[in-house]
Amino acid sequence: METTAPTKTKKTPPMWVLLVIIGLNILASMAIGPVMPHVQVAPEALTPTVNLPVLGEFALTNTMVAILIADLILFWMAFRVNRDLKDGDLHPKGLAGVLEAVIEPLYGLTEQTAHKWADWIFPWFASLVFMVLIANWMELIPGVDSIGFFHEAHHGAPVYETRQLFSIGNFELTTITAEVEAGDAHAESYPGFVPFVRVASTDLNFTLGLAITAVIAVQVLGVKASGGSYFKKFFNFDGVKEMFSKKEDKRQFAPLFAFTDIFVGLLELISEFARIISFGFRLFGNIFAGSVLLFVMGSLIPVLVDSVFMMLEIFVGLIQAVVFGMLTLVFMSMATVSHDEH
Amino acid sequence: MTPETAANLVIGLKYIAVGLVMLSVIGPGLAIGRLAAAGLEGISRNPDAAGQIQISMILAIAFAEAIAIYALVVAMLLLFVG
C-alpha cells in the first residue's frame with residue numbers, strides 16, 4: 001500500500017505508434033522521392049520589393065518571418081512568467097518555475113564574472129541567449145524550410161516538377177516530385193519554390209545585426225564604467241606623456257614604451273571590429289552548415305537518418321546560443337575593468 | 001579549348017578549391033583536442049574548480065571553433081555563390 005501521495009504520471013505513447021509513423025514515412029518516400037532543396041546564402045523574398053521612404057528597397061524575407069515568430073514566443077514567455085509570479089509565491093509553478101531553473105545558473109555565472117555590474121549586464125546576456133536559442137532551435141520544427149509557395153521561374157533559380165496532392169475549394173496542396181534539369185527545353189513552364197519560414201540564424205543580416213548591437217553595448221558599458229577615459233584604451237598616449245617627464249629614469253626607455261603603447265591601442269581598436277565579424281560568422285556558419293546538413297541528409301536517406309542529425313543540431317544550437325551570450329558577458333566585464341597603469 | 005570544356009574545367013577547379021580550403025580545419029581540430037585535454041587535466045587535479053574550468057574551456061573551444069567556421073564559410077561561398 002502506497003504511503004506517499006499518488007503522483008501524476010504521464011503516459012507515453014505506446015511503441016507501435018512510433019513504428020506506424022516510421023512505416024508511413026517509408027511509404028511516403030517511396031511514393032514521392034525526396035528532392036534536394038536549393039541552398040542559397042541570401043534569404044528569399046516573400047513579397048515583391050517596395051520602395052520605403054527611409055529604408056530604401058524593402059521586401060519581407062522568410063527569415064524576417066522567423067524572427068517575428070521568435071519575438072512572439074519570447075513575448076508569450078514573458079507574459080506567462082509575469083502572470084505566474086503575480087501572487088508572490090517563492091516556489092513559482094508553471095513556466096516561471098521552469099525558467100527559474102534556467103535563469104538562476106545564468107545569473108550565478110554573471111555574478112561570478114562581473115561582480116559589480118552583473119545587474120546591468122545580465123539582461124543583455126540572458127536576452128541574447130534566449131533570442132539566439134529560439135532562433136537556432138526553430139530549424140528542428142517540421143514545416144520550417146519545407147512548407148512554402150511556388151512562383152514563376154526566375155532566371156537561374158532551380159525549377160521543380162510538381163504534383164497536386166489534394167485541393168479543398170480554393171486551397172491546393174502541391175508537392176515537389178523532381179528537380180528539372182538546367183538545360184531542359186521547357187524549364188520556363190515549371191515553378192520555383194520559396195519556403196515560408198527560414199531559420200533566422202542562417203541570415204547574415206540577423207547575426208551581424210546582433211553582433212554589432214552587442215559590440216556597441218560593450219562600448220556603452222565601458223563609457224558608463226570609466227567615463228570618457230575608456231577610449232584611452234585605444235588611443236594610449238601615456239607613454240608620450242612620460243617622454244617629457246622630469247625624472248631621468250622614467251625618461252630613459254620612454255620612447256620605446258610610447259611606441260608599443262600606441263601600437264597596442266590600435267591593435268585593440270582593430271580587434272573590436274574583428275569581434276563583430278567573429279560573432280556574426282560563428283553563429284551564421286554553425287547554423288547554416290547545420291541546416292545544409294539536415295537538407296542533404298534528409299534528401300539522401302529520407303528515413304531515420306535525419307533524426308540523428310537533429311539531435312546534433314539541438315546540441316549545436318544550444319551551445320552557439322550560450323557561447324554568443326557568454327562571449328558578450330566576458331567582453332562586457334572586461335570593458336568595466338579600468339585601464340591599468342604600468 | 002571549347003567554351004564548354006572551359007566551363008567544365010572551372011566547375012572542377014571550384015570543387016578542388018573547396019577541398020583545399022577545408023584542409024585547414026586540421027588546425028582548430030588539434031587546438032580543440034589540446035584544450036579539452038588541458039581542461040580535463042585541470043579538473044582531475046582540482047575537482048572543486050570544475051565549474052570555472054568547464055566554463056573557461058567551453059569559451060576557449062568556441063574561439064577555436066570559430067576559425068574552423070571561417071574556413072567553412074569560405075567553402076560554402078565557393079560552392080553556392082558564384
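Chain A meets chain B through 15 residues, which are in contact with eleven residues of chain B; two residues are in contact if their C-beta atoms, placed from the backbone, lie within 7 Å. This is a predicted model, in which local features need pLDDT of at least 70 and side-chain atom pairs count only at pLDDT 80 or more, while totals for chains, interfaces and linings use all residues. Residues are numbered from 1 along each chain as its sequence is written, and chains are lettered from A, with ligands numbered from 1, in the order in which they are written.

**Where chain A touches chain B**

- Helix 8 and helix 9 (305-336) of chain A are the elements that give two or more residues to this side of chain A. Helices (H or I, at least four residues) and strands (E, at least two) are DSSP runs, numbered from the N terminus.
- Helix 8 of chain A provides the largest share, seven residues.
- By class, this side of chain A holds ten nonpolar residues, four polar and one charged. Here Ala, Val, Leu, Ile, Met, Phe, Trp, Tyr, Cys and Pro count as nonpolar, Asp, Glu, Lys and Arg as charged, and the others, Gly among them, as polar.

**Helix 8 inside chain A**

- Helix 8 (residues 254-300) of chain A also packs with helix 5 (residues 204-226) of chain A, at an angle of about 145 degrees and with the axes 8 Å apart. Axes are lines fitted to C-alpha atoms, for helices over the stretch in contact, and angles run from 0 to 180 degrees between N-to-C directions.
- Residues making this contact include L204(A), L208(A) and V215(A) of helix 5 of chain A, and I276(A), F279(A) and F284(A) of helix 8 of chain A.
- Ten nonpolar, two polar and two charged residues form the contact of helix 5 with helix 8 of chain A.

**Chain B as a whole**

- Chain B has three helices and zero strands, in the pattern α-α-α along the sequence.
- With a radius of gyration (taken over C-alpha atoms) of 20 Å, well over the 12 Å that the globule rule gives for 82 residues, chain B is more spread out than a compact globule. That rule is 2.2 Å times the number of residues to the power 0.38.
- Its C-alpha trace spans about 70 × 20 × 10 Å along the principal axes of chain B.

**A helix pair in chain B**

- Helix 1 (residues 3-23) and helix 3 (residues 50-80) of chain B pack at an angle of about 175 degrees, with their axes 9 Å apart.
- Among the residues in this contact are V18(B) and V21(B) of helix 1 of chain B, and V74(B) and L78(B) of helix 3 of chain B.
- The contact of these two helices of chain B has nine nonpolar, no polar and one charged residues.
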